[in-house]
Amino acid sequence: MQDKQKNPQFVYHSRSPLNGGTPPEIIRRQFTTPVDQFYIRSHGNIPQVNLNDFRLIVDGLVRQPLTLTLFGLQSAFSQRRVVATLQCAGNRRDELMKLEAIPGETPWGPEAVGTAEWTGVCLADVLRTAGLKPEAKHLAFSGLDEIEKQGERFLYGGSIPIDKALGPEVLLAFEINGKQLPPAHGYPLRMVVPGYIGARSGKWLSRLTLQTEPSRNYYQAKAYRLYPPNMRQENVVWEAGIELGEFAVNTVICSPKEGDQVEKGRELLQGYALAGGGRRVERVDVSADGGKNWQLARLGNEGDRWTWRFWEAEVELKPGANEIVARAWDSATNTQPEDPAAIWNFKGYMNNAWHRVRVTRK
Ligand SMILES: Nc1nc2c(c(=O)[nH]1)N[C@H]1C(S)=C(S)[C@@H](COP(=O)(O)O)O[C@H]1N2
Ligand SMILES: [Mo]
């Protein structure tokens, strides 16, 4: 399926399900990503929802289960806007795939990321109205898209811990950048869970269930977990995977690009950096000699704990081949691993190794 709302440079990884994004040198031009450049990550079909039929159900460990229309939700709760970056846990998977094949997963480059101003209501307000029972420890959600796996059909779903669900930054959103959500991005209603992997920002939201344990949905119990290096599809022990929530500190050099030929010795580097879980990007280091010598990049003024930060730096390139490297540090002094081999995992999640770009100076 072609999404007519995307720009001509949008690159599709697959049409069914619909997956694609805009090259990083283009999304790096604006702090807020225009919706026609915003990556799409979908696991099943794109539901075509008729607003008259739409209901959001809130049930499970609540005192008062709710059934809300979109209009009911909008009139009962105050609206709130949050600027937040979404990043897929599969962002930069292509670098892990060069080390060993990762069958059945999308070969994302560094384009599975985008920042938007989201409008919605606070999930916490809805939960307070429903009234949480003390045993409620996880908020499970499900969408309206159907997934078919190993002969079973089920809805996309997942969960977040209750402490996160009560954070004022977590929205049930109906607008992106001041406009109605397009179908591919979750119309009419989606979650926006800043600081967490994109997979938890459930689209086409249909149900919120309060429960004692995390969701048993495939995308919480099996996928979107970080497996030990010895595990493959054939010998996986699903419980051995670490459930992914907050994403890890990451950075990408958006320009120049891998393989570029540059004329001058002095080259302007531009990139984005992200810290997960409400931490801030505090520093970005760049190197023009493969990581032997480093200098500080200048961080942009825009950005906060829920968004990316842009950075730039000028480096001196020598004639011939140069390897440019970048790494970021967050407010908890987490930084990135040097080598993607150290974090390779068979599902290909959370690659945040130093970002390297090889360029030639003529
Ligand atoms: N219902 C539903 N929600 C979903 C998904 C999905 O396939 N179905 N994909 C998730 C993943 S893996 C990501 S990274 C984000 C992507 O959101 P976007 O397509 O708006 O960029 O949506 C999440 N929410
Ligand atoms: Mo994702």
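**Cis prolines**

I went to Pro188 and found it in the loop between β11 (179-180) and β12 (190-192). For the labels, helices (H or I, at least four residues) and strands (E, at least two) are DSSP runs numbered from the N terminus. The peptide bond joining Tyr187 and Pro188 is cis, with omega about 5 degrees. I found another cis bond between Ser16 and Pro17, with omega about 0 degrees; Pro17 lies in the loop between β1 (11-14) and β2 (19-21).

**Ground rules**

I note that this is a predicted model, where local features need pLDDT of at least 70, side-chain atom pairs count only at pLDDT 80 or more, and totals for chains, interfaces and linings use all residues. Residues are numbered from 1 along each chain as its sequence is written, chains are lettered from A and ligands numbered from 1 in the order in which they are written, and side-chain values use heavy atoms, with hydrogens and water left out.

**Positive phi**

Most residues other than glycine have a negative phi. I looked up Arg92, which has a positive phi of about 70 degrees and sits in the loop between β6 (79-87) and α3 (93-97). Arg92 is buried at 0% relative accessible area (buried is under 20%, exposed over 50%, partly exposed in between, with a 1.4 Å probe and protein chains only). Trp204 has a positive phi too, near 50 degrees, and lies in the loop between β12 and β13 (207-211). I count Trp204 as buried because its relative accessibility is 1%.

**Ligand 1**

Ligand oxygen atoms turn up 2.7 Å from a side-chain N or O of Arg190 and 2.6 Å from one of Lys203. The protein covers 100% of the 530 Å² of accessible area that ligand 1 has on its own (Shrake-Rupley, 1.4 Å probe; for residues, only the protein chains shown count as cover).

**A buried lysine**

I checked Lys347, in the loop between β23 (320-330) and β24 (355-361). Is Lys347 buried or exposed? At 5% relative accessibility, I log Lys347 as buried. Its side chain makes a polar contact with that of Glu105 at 2.8 Å (N or O atoms within 3.5 Å, one able to donate a hydrogen and the other to accept it within protein; residues adjacent in sequence count only if both atoms are side-chain atoms).
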